Amino acid sequence: MKAIITGDVINSREVESEIWIKELHKLFNTIGKDPKDWQIYDTDHFQLIIDANKALEFSLLIKATLKAIKPLDARIAIGVGETDTLSEEITASKGVAFSYSTEQFKELKKSTLSIKTPNERINQELKTVVDLLTFILHNWTEKMAEYFRIAYLNQNLNQKQLAKLLELKSQSTVSSILKRAAYEEILQAIIFYQIKLEQL
């Protein structure tokens, strides 16, 4: 099963576009190629296709990447389902997952993250978790976002190695910032999302 992530960059005009586009390109290139698997369009909108199992964690990485650059953030809608017609350009492809993602994105208001699957009960269960994640991420500082991103992408490293990677003298600093960023709780939320997808 696939997921379509549709989003845009909040406060995109307040930062030189080259800065955040470069960072998104690096991240998006890890899951596929432009424009078949992902596209940035209409200046600050983006859409990509990814395995449904990895959609939430990748969306959080997008938000972490942008929130590390003050005052950026992202609004993101995840649509989980079938993909009927895959075009050479992701934005021209079609299917239930695309419809869900587009519909949810249009409905985003105060919330900056949303998920829709074919199962309404699972949608309601995921909404509770997503609302908590939105609250946590809203309170992230740039440093929390950056540390989350690096820690998540380097889960094979211990905190001492992470401190070295982040050029910090103390691993307690890494631990403190990741705790304030709710790193462990976010990992649990990702696992919960993946368990719910297995029930579809």
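Thr112 lies in the loop between α3 and β5, where helices (H or I, at least four residues) and strands (E, at least two) are DSSP runs numbered from the N terminus. The model is a predicted one, in which local features need pLDDT of at least 70 and side-chain atom pairs count only at pLDDT 80 or more, while totals for chains, interfaces and linings use all residues. Residues are numbered from 1 along each chain as its sequence is written, and side-chain values use heavy atoms, with hydrogens and water left out.

**Surroundings of Thr112**

- Thr112 counts as buried because its relative accessibility is 13%; buried means under 20% relative accessible area, exposed over 50%, and partly exposed in between, with a 1.4 Å probe and protein chains only.
- Leaving aside residues up to four places away in sequence, Thr112 touches Ile10, Lys63, Ala74, Arg75, Ile76 and Thr134, contact meaning heavy atoms within 4.5 Å.
- The side chains of Thr112 and Lys63 are joined by a polar contact of 3.0 Å, that is, a pair of N or O atoms within 3.5 Å; within protein, one must be able to donate a hydrogen and the other to accept it, and residues adjacent in sequence count only if both atoms are side-chain atoms.

**The sheet as a whole**

- Five strands form an open sheet of mixed pairing, in the order β2-β3-β1-β4-β5, two strands being paired if DSSP finds at least two bridges between them.
- Because β2 (38-41) and β5 (113-116) stand at the edges with a single partner strand each, one side of each is left without a neighbour in the sheet.
- From one strand to the next, the twist averages 15 degrees, with axes taken as lines fitted to C-alpha atoms, for helices over the stretch in contact, and angles running from 0 to 180 degrees between N-to-C directions.

**Strand pairings**

- Nine bridges link strand β1 (residues 2-10) with strand β4 (residues 73-81) in the antiparallel sense, and Ala3 stands opposite Val80 in β4.
- β1 and β3 also run antiparallel, joined by seven bridges, with Ile5 opposite Leu48 in β3.
- Four bridges pair β2 and β3 in the antiparallel sense, and here Trp38 stands opposite Leu48 in β3.
- The hairpin of β2 and β3 has three residues between the strands, and in it Asp42 takes a positive phi near 50 degrees.

**Cover of the sheet**

- β3 is mostly covered, since five of its seven residues are buried.
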